[in-house]
Structures are given as C-alpha cells and as structure tokens.
Amino acid sequence: MILSLLFWVLLFILLYTYVGYALVLWLLVGLKKVLGRRKISLESNDYEPEVCLFVTAFNEKDYIDQKVKNAFSLNYPKEKIQYVWVTDGSDDGSPEILQQVNGLEVYHQPERRGKMHAMNRGMKFVKAPVVIFSDSNTVLGKQSIREIVKCFSNPEVGCVAGEKRIVQKDEETAAGAGEGLYWKMESWIKRNDWELNSVVGAVGELFAIRTELFEDVEPDTLLDDFIISMRIAQRGYKIAYAPNTYAEETASLNVTEELKRKVRIAAGGIQTIIRLKGLLNPFKNGILSWQYLSHKVLRWAFAPPALFLLFIVNLLLVVSTNNWSVGNFYALVLYLQMLLFLTAAFGWYFENKKVRMKALFVPYYFVMINSATIFGIIRYVKGRQSVNWEKSKRAG
C-alpha cells in the first residue's frame, strides 16, 4: 500500500509538472477568452519614456563589439537611451575598450564581488524611469525597446519579461537541440501565464523594470533576474510578457557546459524558494501562488527527484507482484521508464562519439537537466555554490 501510494504521488508530480500545468493553463486561458475577459490593455503606442540599457559584464571582451553595435542599432531615439555598463572584476581589457566608446557610461571597480553586487552598485547611476537589463552575449531584436515601453504604458505593469531565443545551428548538438526546444516550450508557457494573470519571473538575457521599484538584493543571490522580478510581483504589480521583445544567443557549447549551467540554476532555485516563501501564500498572492508553485517550485525541487525515485518505487512494485505483463499498468509504466533512460543513455553515447542522432537529443537532454537539478540541490545544501559563477562556454 505504501509503495503504491508513493508511486501515484510521484507519477502525479511528474505528469503535472511537465504536462498537466501547461494543459490546465491552456484551458483556463481559453475559458477566459470565451468569457470575454482579456488581459490588461497595452494598446498605447505613443508612450516614449527615457530608458536605460543596463549591462553587467565580467571579462566579456569577445562580445563587446557585437553588443555595442546591437545596442546602438535598436529602434528607439538615441537621446532617450542611457547606456550603462558595469564591469566589476574584469581584467581582460574590456573596461578600457568600453570607455573608448562615445555614449557609454562605464562603471568599474577591480574587485569581483558577484553580479548582484555589481547590479546593486550600478543601479545608483540609472537616471531613466525604465531600466532594461540585458546580458553582454545576447543580441536584442530591433523593436525590443519599443515593445517593452508599450507594456509600461499601463501602470499595473511593474516588470516586462522578454523572450529568450536559442540560435539554431545546422550541426546541432544535443545541448543545442534540447536547449532550443526547452526555451520554445518555456516561451509558450510564459505567454499563457501572462494571458491568464502574470508571467512567473523573468530571465536575465532580457527583462525590464520600473526603476523606482528596484530594491537592493542580497549580494549572494544566485538567480538575480528571478528574485528582482518576482519581488515586484509580490508587491502587486504584473510581469508582462512581450514575445516581440527577444534576446538571441547561441546554445551551450556541449552537454557538459549545459550541465554546468543547469547545476548552478538549480542551486539558485532552492535559494529562491527559501527567500520567496511568502509567494506560496495564496491568501496574499492569489493565483500567482499557484502559478509559482506549478511553474517553478515543482520543477526546481520536486520533479527531478521524483523522476528517479519513481523508477525505483515502480521496480519494487513490479518485483513484489511478480507480474511483468504489459497488461499490468505498473509494468507498462516501468517499461516506458526503461525506454526513456535507455534512449537517454544511447543519446549520451552517440553525443560523446560525435554522432548526431536527433531523435535521441530530447530524452538525453531531459534526463540530463533533471540530473543536473539534483546536483544543484545538493551543492546548495552543502553551501558549495559560489555567487561568482564560472561562465558556461557557448557555441559559435
């Protein structure tokens, strides 16, 4: 009885986290449209405030030229854009290169104390009412700023989340294919989260906030983008989603680099759950609590362990009944899990042999990121995740 109950709990967690929430969200958005209840209006096209394009960079010399050209090419009045770069700790010559570019404000200190410390320090130099955060290795869509400020024309919006797009290569690796598919699915969920109520967090590649809503964040924060955006949501503001506002970047160089990135994100996820525990109070936050629990908390803390525990519990159940027939539901689920892990293992093998078998990329990536999440949880619990992350290498 205990094994059976545990089996169903674990199976529910997995199915709800990776399929069920998206389905329920789609149904609720559809119902909302049928009832004629639309999301808040963002129709203003003549709202044109001053903005600050804010970039923190640590030893990003290789991306400076691309990023600066992209920033200056965006479709928005240049006299209304404040360009701020914070390069704390950089020793690759990037601060000196940036200081030679007319129109940029470059703030640098030799000591490296982490991205969040640099953001807290740099925000004191922001003069514009809207600040747009962007990573140095991303390329922004030409209309990004205009789409962002259109959202801020509504006073209910305190933050705007852009879309992250992975540039696809002809010779895709498992990391590239998996990461690209992941962000396409994530974008679909964000779009529906926004249609229903509010986006659940923003990504650091591209998001914006009202400058007046920024509050200094703990310097040891790992997921700065998520903490900043969700604390604004906690104050009653909406996080809008602007899919035409996007940031492009190349995929991780390989699965090893993607694994490294997912491990630190997972460690940051556990830290975030602890620091934003108040978000799980539905009496205070309403539907946002359900969205946060379903979209992030389950994915960060519960689904990854459930994926591997389910296999063990399922195997024990089948062994205890000695019924290996496909007609036995428990046996059928066990065989499906074995197929998942087997195809993931083949994906790992062929990826290491540089043999591109795209049919195996998705199961390999899925198992890999769930494994990485468990490693990240362990790393955070042991206190081994430094705020000064080692950057993952990107393709191309």
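Two strands pair if DSSP finds at least two bridges between them. Keep that in mind as you work through this predicted model.

**Exercise 1.** Find out which residues stand opposite Trp85 of β2 in the neighbouring strands β1 and β3.

*Solution.* 
Step 1: Start with β1 and β2, which are parallel and joined by six bridges. Here Trp85 is the bridge partner of Val55.
Step 2: Move on to β3, which runs parallel to β2 and is joined to β2 by four bridges. In β3, Val106 stands opposite Trp85.
Step 3: Now follow the chain. From β2 the path goes through α3 to β3, a right-handed β-α-β crossover.

**Exercise 2.** Work out which residues of β2 point each way, and decide whether they are buried or exposed.

*Solution.* 
Step 1: Ile81, Tyr83 and Trp85 point one way, while Gln82, Val84 and Val86 point the other way.
Step 2: Residues count as buried under 20% relative accessible area. On that test, six of the six residues of β2 are buried.

**Exercise 3.** List the buried residues of helix α2, explain why they lie on the same side, and name what covers them.

*Solution.* 
Step 1: Helix α2 spans residues 64-73, and its buried residues are Ile64, Lys67, Val68, Asn70 and Ala71.
Step 2: Around the axis they take up an arc of only 165°, so they are on the same side of α2.
Step 3: Their cover includes the strands β1, β2, β3, β4 and β5, along with helix α3.

Technical notes. Residues numbered from 1 in each chain as written. Predicted model: local features only at pLDDT ≥ 70, side-chain atom pairs only at ≥ 80, totals over all residues. Heavy atoms only, no water. Buried < 20%, exposed > 50% of the residue type's maximum accessible area, 1.4 Å probe, protein only. Helix = DSSP H or I, 4+ residues; strand = E, 2+ residues; numbered from the N terminus. Arc of directions from axis to C-beta. Contact = heavy atoms within 4.5 Å. Right-handed = clockwise from strand over helix to strand, strands pointing away.
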